[in-house]
Amino acid sequence: MLIVMSRDATEEQISDVIRTVESYGFKARPIPGGERTSIGVLFNQGAVDESLFLTLPGVKQTIAVTKPYKLVSREFHPEDTLIRIGDVVIGGDSLVIMGGPCAVESEEQVMTIARHVKAAGGDILRGGAFKPRTSPYAFHGMGEEGLKILAKAREAYGLPIVTEVMDLDCFDMVEAYADIVQIGTRNMQNFSLLRRAGESKKPVLLKRGMSATVDEWLMAAEYIMTEGNTEVILCERGVRTFVRHSRNTLDLSAVPVVRRESHLPVIVDPSHAAGYRDQVMPLARAAAAVSAHGLMIEVHHAPETAKCDGGQSLLPGQFEILCRQVRGIFDLSR
Ligand code: PEP
Ligand code: MN
């Protein structure tokens, strides 16, 4: 339930409502809005009797929330959430482009790619220092050394960095270097990791689980938000289907659904959806056409030597064309 306060409700009346909500064993979450404050009622089992709150001074109305997710829903928060990292705004009317290698491999590699990402008009540098790999024999990333390289590239090119956190063990370390902490598809329902991300002061990029429904994905974001972190970016990266022509199937229909259901920004990663370089550009254009708030693109200057995902990485020149094309399409899509 959402308790909507009247426009002229005083701080004292708001505190009073919060106290009353908590006296029934629920949690109250004040949500300041442009014109008025609302108070979300959380952790209720079943419907809450609205008459408990309607007569309290300063209360305008109550709204029953019909969805299982609350804090992520538009019912709780009608305006788009905007996440600011320096000059970069994620959400609302802007399109953010994240580009970079799948994995950090060396300082020279990251610096070269960061220079291209910057020159092409990319906003954020991506790169994994901790890599979740299907095979235990594969390259698993450079760890803290990789994070230091990303931080150097941020310094050199003024690009914020997004990088994946694989588990609780490396959370503090990744959080200290990253501007955005990424939770990968394999960890979307790692609930202890989600709760830890919820305690973080850094924005979290939450990828959709490779077999998750939109509801399950939004409930994963709800875990982060219930711990207090309101800065969650959702990322569609393809789901597992029967097809063999691509690594996954990009579910672009999820974008308008998420935009309708949630105030959180939703971006698209066509690289991991496609798995093949030649599919990435068309899918990126399509993502911009459905008004995704951003794109995450793998870029490599020498993909044939890449330690991970070279086959789906765009060459710098292709990335430059993509950036130009998708910005125009995004503007037309709204
Ligand atoms: C990644 O972005 O580096 C990655 C591993 O992606 P996903 O979790 O979507 O597979
Ligand atoms: Mn990759």
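The questions and answers below concern a predicted model, in which local features need pLDDT of at least 70, side-chain atom pairs count only at pLDDT 80 or more, and totals for chains, interfaces and linings use all residues. Residues are numbered from 1 along each chain as its sequence is written, chains are lettered from A and ligands numbered from 1 in the order in which they are written, and side-chain values use heavy atoms, with hydrogens and water left out.

Q: What is the distance between the end C-alpha atoms of helix H11?
A: Helices (H or I, at least four residues) and strands (E, at least two) are DSSP runs, numbered from the N terminus. The expected span of a helix is 1.5 Å times one less than its number of residues. Helix H11 covers residues 316-333, so its 18 residues should span 26 Å, and the end C-alpha atoms agree with this at 26 Å.

Q: Within what arc do the buried residues of H11 fall?
A: Buried means under 20% relative accessible area, exposed over 50%, and partly exposed in between (1.4 Å probe, protein chains only). In H11 the buried residues are Pro316, Phe319, Leu322, Cys323, Val326 and Phe330. They line one face of the helix, because the arc, taken from the directions from the helix axis to the C-beta atoms, is 105°.

Q: Which residues are exposed on the other side of H11?
A: The buried residues of H11 have cover that includes strand S7 (96-100), helix H3 (107-120), helix H10 (277-289) and strand S14 (294-298). On the other side of H11, the exposed residues are Arg324 and Leu332.

Q: Which elements do the buried residues of H3 pack against?
A: H3 has 14 residues and reaches 20 Å from its first C-alpha to its last, close to the 20 Å expected. Its buried residues include Gln109, Ile113 and Val117. They pack against S7, strand S8 (124-126), helix H4 (144-157) and H11.

Q: How far apart are the C-alpha atoms of Pro101 and Ile113?
A: Pro101 sits in the loop between S7 and H3 and is buried, with a relative accessible area of 1%. Contact means heavy atoms within 4.5 Å; leaving aside neighbours within four places in sequence, Pro101 is in contact with residues including Gln109, Ile113, Arg126 and Val299. Pro101 and Ile113 are 12 residues apart along the chain, and their C-alpha atoms are separated by 7.3 Å.

Q: How much of the accessible area of ligand 1 does the protein cover?
A: An oxygen atom of ligand 1 is 2.9 Å from an N or O atom in the side chain of Gln182, and an oxygen atom of the ligand is also 2.9 Å from an N or O atom in the side chain of Lys207. A polar side-chain atom of Arg186 lies 3.0 Å from an oxygen atom of ligand 1; a polar contact is a pair of N or O atoms within 3.5 Å. Accessible areas come from the Shrake-Rupley method with a 1.4 Å probe. Of the 290 Å² that ligand 1 has on its own, the protein covers 97%.

Q: Is Arg196 buried or exposed?
A: Arg196 lies in helix H6 (residues 191-199). Leaving aside neighbours within four places in sequence, Arg196 is in contact with Leu168, Phe171, Asp172 and Glu175. Its relative accessible area is 17%, so Arg196 is buried.

Q: What is the phi of Asp309?
A: Asp309 is placed in the loop between S14 and H11. Although Asp309 is not a glycine, its phi is positive, at about 60°.

Note on methods
A polar contact is a pair of N or O atoms within 3.5 Å; within protein, one must be able to donate a hydrogen and the other to accept it, and residues adjacent in sequence count only if both atoms are side-chain atoms.
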